[in-house]
Amino acid sequence: MSTSGPATTAMSAVVGAEANTFTGLETCGAHAWFGKHHALSDVSLKFPSRTVTGLIGPSGCGKSTFIRLLNRMHEFIPGAAMAGEVLHNGSDIYAPSVDAAVVRLKIGMVFQKPNPFPAMTIRENVLSGIKLAHLKKPNHDDIVEGCLTRAGLWKEVKDRLGASGGSLSGGQQQRLCIARSLAVEPEVLLMDEPCSALDPGSTLRIEETIKELAEKITVIIVTHNMQQASRVSDFCAFFLTDGGPGYLVEADATRKIFTNPSDSRTADYVQGKFG
Amino acid sequence: MTTATTPTPREMTVIYNREDKIFRGIVTGGALTSLVVLGLIGLFLFLRGAQVFNDKGISFITGVNWTAGTGDGAILDDFSIGAMLVGTIVVSLIALVFAFPLAIGGALYLEFYAPTRVKKPLVTLLDLAASIPSLIFGLWGIEIFTRFGERWAILLSKWLGWIPIFNVQFENFGRSPFIAGCVLASLIVPITTSVAREVYSRTPRDLVDTCYALGGTKWGAIRSVVVPYGKSGVIGGAMLGLGRALGETVAVYLLLNLVFRYNFRILESEGGNVASLIATKFGEATEYEIKALVAAGFVLFLLTLVVNMTATTIVQRSTPRA
């Protein structure tokens with residue numbers, strides 16, 4: 001695996017850049033609750049711009065909770081609460097004056113199950129975010145082509161943009177969902193196990209897409225698949241729970257996590273000894 | 001060398017074991033029983049009313065008179081339900097026009113805006129309201145609502161009187177199809193809201209989440225996912241309400257004066273519907289009049305069937321392509 005360029009600089013960012021000069025997404029002492037249930041405890045992490053970070057750990061360790069904290073999707077669950085800070089380019093996305101919808105425009109999300117809007121065509125699906133957020137963008141044709149190309153789907157669907165999104169295969173649907181997220185030009189894309197419902201071929205295809213996306217945007221991906229984490233990510237963050245709230249064990253360059261992690265539990269997990 | 005021949009598909013048999021057979025028998029029996037009962041009701045109504053259909057032909061549903069003959073031949077029996085059919089449809093449509101937006105708004109509020117501590121009691125209340133006897137709504141309509149309804153009617157006739165349906169001949173605004181329709185609307189709002197809320201609550205969570213994740217607002221999510229997704233179910237719920245309004249008897253009986261004349265002026269104090277006609281006349285009807293009432297019942301039965309079948313068709317046609 002290559003360690004050149006962004007990985008090295010980004011790693012130094014993880015080790016300690018100043019918060020006010022840091023561009024990208026970071027959390028400082030983030031906690032999450034569902035009602036009285038303390039789901040996540042004290043997570044401080046940095047996601048430098050234009051990198052891919054994998055969030056790994058056994059089920060129930062708070063990865064999904066954490067990723068939903070990053071674009072304020074957490075608060076849709078009744079009783080959900082949080083503490084700490086989530087900073088995007090240095091400003092707190094949970095500040096009272098911040099419109100959560102604007103945050104989500106900058107920090108998009110792709111879900112586990114491919115979910116194109118069923119009543120819309122492929123083209124309408126790609127443009128749905130622009131319509132939802134009332135963005136004034138000329139040249140919808142270029143957006144459709146550009147986003148589908150970046151999501152690696154253009155060649156397969158260019159002749160049937162008017163077909164229903166549901167007519168595509170599972171893997172194609174997920175790439176359509178990625179294209180849909182890209183149309184509103186997010187700076188960060190969160191992916192919650194985007195390949196867990198897909199076959200190996202589609203999974204590889206999406207992993208290639210993720211690597212290409214990282215040339216322009218920051219990608220944070222939750223995955224249960226260790227090979228996937230090692231293939232696509234520059235950094236990995238390992239979460240764990242001891243029955244209580246989930247917490248961050250360690251975060252480092254992916255190569256280090258997989259070859260020489262600081263914590264023995266990380267080593268055991270990535271080698272498949274538990275989880 | 002062997003030649004590849006396409007084999008004929010093999011017969012596949014299904015063997016039901018005993019408990020499967022018993023269960024199958026019970027559920028099939030149950031399903032058939034309700035169908036048979038429905039069919040028998042229709043058949044009974046048709047046979048009992050057949051003589052009237054035979055005597056009157058199509059004028060039974062197009063004519064307006066409902067006159068019991070004197071028996072000595074001075075006045076002949078003349079029974080037809082055109083006016084009542086029009087009344088039935090007019091009042092039900094008024095009810096639907098008011099109830100539908102209220103129900104949609106209520107359902108969306110309960111499902112997406114109401115805080116949990118408000119939502120739970122309201123949902124319970126709504127389900128309770130759906131089971132209140134229509135007589136109670138009728139009494140409320142006469143004793144309380146009419147006073148308010150009359151004022152609305154006066155305003156409507158003053159400002160929109162140039163539209164034929166809001167025109168009035170006499171300045172008497174009580175006991176009109178408009179007021180009866182409003183009361184029927186309040187009668188069918190609970191069931192329609194309840195169905196709509198149920199449908200909206202089944203919108204896949206991840207589709208709604210996706211709208212938010214794309215920077216959409218709650219309104220955006222409702223408009224582009226929730227409402228289209230629930231369209232067919234909500235139409236079904238509205239048709240359920242319409243069905244109830246079409247067959248409503250007691251409330252209309254209390255609220256409307258039976259007047260046998262085509263009335264499309266909804267603010268006028270005259271009207272009636274088929275069900276309340278039957279309830280009003282049945283007690284003191286002659287033998288032949290009873291046959292006419294049963295025939296009227298048969299027409300109402302068909303009307304409700306048609307409405308429900310239309311609802312089913314709409315629901316099937318507008319199911320989202322998946």
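I started at Ala32(A), which stands opposite Met82(A) in strand 4 of chain A. Next I checked Trp33(A), and its opposite number in strand 4 of chain A is Ala81(A). This is a predicted model, where local features need pLDDT of at least 70, side-chain atom pairs count only at pLDDT 80 or more, and totals for chains, interfaces and linings use all residues. Residues are numbered from 1 along each chain as its sequence is written, while chains are lettered from A and ligands numbered from 1 in the order in which they are written.

I then looked up how strand 1 (residues 24-34) and strand 4 (residues 80-88) of chain A are joined: they run antiparallel, with eight bridges. A note on terms: helices (H or I, at least four residues) and strands (E, at least two) are DSSP runs, numbered from the N terminus. Two strands pair if DSSP finds at least two bridges between them.

**The hairpin**

I followed strand 4 of chain A onwards to strand 5 (residues 91-92), its antiparallel partner over two bridges. Here I found His88(A) opposite Ser91(A). Strands 4 and 5 of chain A make a hairpin with two residues between them, and Asn89(A) in the turn has a positive phi of about 50°.

**The four-stranded sheet**

Which order do the four strands take? I read 2-1-4-5 in chain A, an open sheet with antiparallel pairing. Strand 2 (37-48) and strand 5 of chain A are at the edges with a single partner strand each, so one side of each has no neighbour in the sheet. I also reminded myself that side chains in a regular strand alternate between the two faces of the sheet.

**The six-stranded sheet**

I found another open sheet in chain A, with six strands in the order 6-7-8-3-9-10 and mixed pairing. Its edges are strand 6 and strand 10 (247-253) of chain A; each has a single partner strand, so one side of each is left without a neighbour in the sheet. On average, neighbouring strands of this sheet are turned by 20° against each other, direction ignored. (For such angles, axes are lines fitted to C-alpha atoms, for helices over the stretch in contact, and angles run from 0 to 180 degrees between N-to-C directions.)

I zoomed in on strand 3 (residues 52-56) and strand 8 (residues 218-222) of chain A, which pair in the parallel sense over four bridges. Thr53(A) stands opposite Ile220(A) there.

**Chain A as a whole**

I counted up the secondary structure of chain A as 11 helices and 10 strands. Its C-alpha atoms fill a box of roughly 50 × 40 × 35 Å, taken along the principal axes. Of its 275 residues, 49% count as buried, meaning that 20 or more other C-beta atoms, placed from the backbone, lie within 10 Å of a residue's own.

**Where chain A touches chain B**

How many residues of each chain are in contact? I got 25 residues of chain A and 19 residues of chain B, with contact meaning C-beta atoms, placed from the backbone, within 7 Å. Helix 3 (100-106), strand 6 (107-110), helix 4 (122-132) and helix 7 (170-182) of chain A each give at least two residues to this side of chain A. Helix 3 of chain A has the largest share, four residues.

**Domains of chain B**

Last, I looked at chain B, which is divided into domain 1 (18-57) and domain 2 (78-317); the bounds come from an automatic or database domain assignment. Their C-alpha centres lie 28 Å apart. The contact takes nine residues from domain 1 of chain B and nine residues from domain 2 of chain B.

Notes. Contact = placed C-beta atoms within 7 Å. Buried ≥ 20, exposed ≤ 12 C-beta atoms within 10 Å, placed from the backbone.
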